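Hi,

Here is the structure I promised to pass on. Have a look at it first, and my notes follow below.

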Number of protein chains: 2
Amino acid sequence: MAGEADFIAALRHIANDPMARGLADDAAVLGDLVLTHDMIVEGVHFLRDDPPADVAWKLVAVNLSDLAGKGAWPIAVLLGYTLAGDPAWDEAFLAGLSDVLARFGVALAGGDTVAVPAGTPRTLGLTAIGRAPAGHTPARAGASPGDMVFVAGTIGDAGAGLAIARGHVHGPTALLDAYRRPVPLLDVGRALAPHVTAMMDVSDGLLIDASRLAEASGISLEIDLDRVPLSPALIEHLGDDRDARLRAAVAGDDYALLFTASGTSEVRLLGICEPFRVRLTRIGSAASGAGLTLCDRDGTVPLPGRLGYEHGTDG
Amino acid sequence: MAGEADFIAALRHIANDPMARGLADDAAVLGDLVLTHDMIVEGVHFLRDDPPADVAWKLVAVNLSDLAGKGAWPIAVLLGYTLAGDPAWDEAFLAGLSDVLARFGVALAGGDTVAVPAGTPRTLGLTAIGRAPAGHTPARAGASPGDMVFVAGTIGDAGAGLAIARGHVHGPTALLDAYRRPVPLLDVGRALAPHVTAMMDVSDGLLIDASRLAEASGISLEIDLDRVPLSPALIEHLGDDRDARLRAAVAGDDYALLFTASGTSEVRLLGICEPFRVRLTRIGSAASGAGLTLCDRDGTVPLPGRLGYEHGTDG
């Protein structure tokens, strides 16, 4: 086994039950229940000096975002926690955990706590359990040629926030908040689910996640970089040229929703999202073939060498 | 927050939904679903040179054992895996994972894989999802004064196997197997569940787990050390005196079932277990009060200073 790609391929071979969706989705579907498990590792997915309450928020939010992408409503979580010999950190983490669970109305139902040797990077796992109408859980694999492609939310804020958190640059608090306290689009996901052909949350970067949706659906996607929704704070911070837009499109931690739709209208979808005050933007279309095509007002944009964060290798 | 006990107490405060059972049970109950999440950490719950396929077996088995204690039948698991830069280890782990899932008929439904810096101890998490008749999931908290106390399975084999695995002593393969490839008593648990007042799996040591059952039920338990079921291999290895029995009763990793019953007979329960060729032993009785009392043919046995493995502190 040569490395991580082989490992995941071998896992897929084991995960041959339909509920696993070939491990090509963000969650498993078991009747009307949707289950997801994401881990975050200190030094990989969060910084050693990130506030512990924000780490708790993020651990829950990234898992709830997977449920949002499946149109599921969260019910409960199970926490896997490593005690690393810093009670003040643990106490602050729990305060954040309590906050985020209360904010999204989710129960802590169980889990496990293990003491690890001092100096071990914290490895935190969360299983989130949600409910969705059986048979109405959008997959990554449902897009067809001709479908419209949309993003709900904005792209790139958290990536800029990470650079601010690392102390590389100064910038607006809104961007730092987007990195530290992402808000899963649960109500939007649930409202959109019956109207989409495919949906997923954008967690590793718009371009890499779009390429995954294209691959799972067996189609190609054409994305208009000029239409990728950037927030006013990000435009103020990074500018609005091709470079800035490409940086946003490969940054991770957005927790926006990417979806495809057909047999409906953009106006109708805008109406569905309107009560939630979430920006909805048509960014492209699906076609036959494979892979991504990127364009802007000046024509075709070459794909960057790195489309986002590869699963588990960095971030 | 002074330490781990405070951390768990604070978690309980957050976990105030009935499905969490006050975090005083081995699993969460959500309608007819039973969910559990256990982690195992390299150097804490398994040895660095344990065969990776056995580590996979154990990760699955310890979680399925929690389901067995609730009378639930396993459906699926979600895996949280850390890639620590050793593809040969990962490949052997996956072979073991495939074996154990096939052996118990459980689907791999999803999860997460994260690369961690080289040298980081592996932290492996598993969420197991099982099904049990709604309303018939025995808790730790159901025992009453006068109940009979039973163990299904044998006690102490894995603890002796751990000493063999560590190279401290030589001993029978059966004990090493009990440590490396524990077998969750799923069919026995399911058959017993309708007939018990309280049930849990024995994972951290018979005495500590019995004290937890007593605490959750608000009763005391009297255990006859002479009746604690030791396997022929363990008796051959350790002997059968009070010291040997005490060592067995505080060793972990048994994955036997501890339960209480009333309104039925020992003969009837023996008949229920008989098809599964699992030893069933009445080891004591419940009374009012709190805590454990231990006796043997010579009278009262002072409780050892350490009743088993404290949650997450060692093992």
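At what angle do helix α2 (residues 52-69) of chain A and α3(A) pack, and how far apart are their axes? The angle is about 40°, and the axes lie 6 Å apart (axes are lines fitted to C-alpha atoms, for helices over the stretch in contact, and angles run from 0 to 180 degrees between N-to-C directions). That makes α2(A) oblique to α3(A), as angles under 35 degrees count as roughly parallel, over 145 as roughly antiparallel, 65 to 115 as roughly perpendicular and the rest as oblique.

Before more, some housekeeping: this is a predicted model, where local features need pLDDT of at least 70, side-chain atom pairs count only at pLDDT 80 or more, and totals for chains, interfaces and linings use all residues. Residues are numbered from 1 along each chain as its sequence is written, while chains are lettered from A and ligands numbered from 1 in the order in which they are written.

Back to the helices (DSSP runs of H or I, at least four residues; strands are E, at least two, and both are numbered from the N terminus). Residues of α2(A), including W57(A) and L64(A), meet residues of α3(A), among them W89(A) and F104(A). Contact here means C-beta atoms, placed from the backbone, within 7 Å.

Now the two chains: 58 residues of chain A are in contact with 58 residues of chain B. β4(A) gives the largest share of chain A's side, 9 residues.

Cheers
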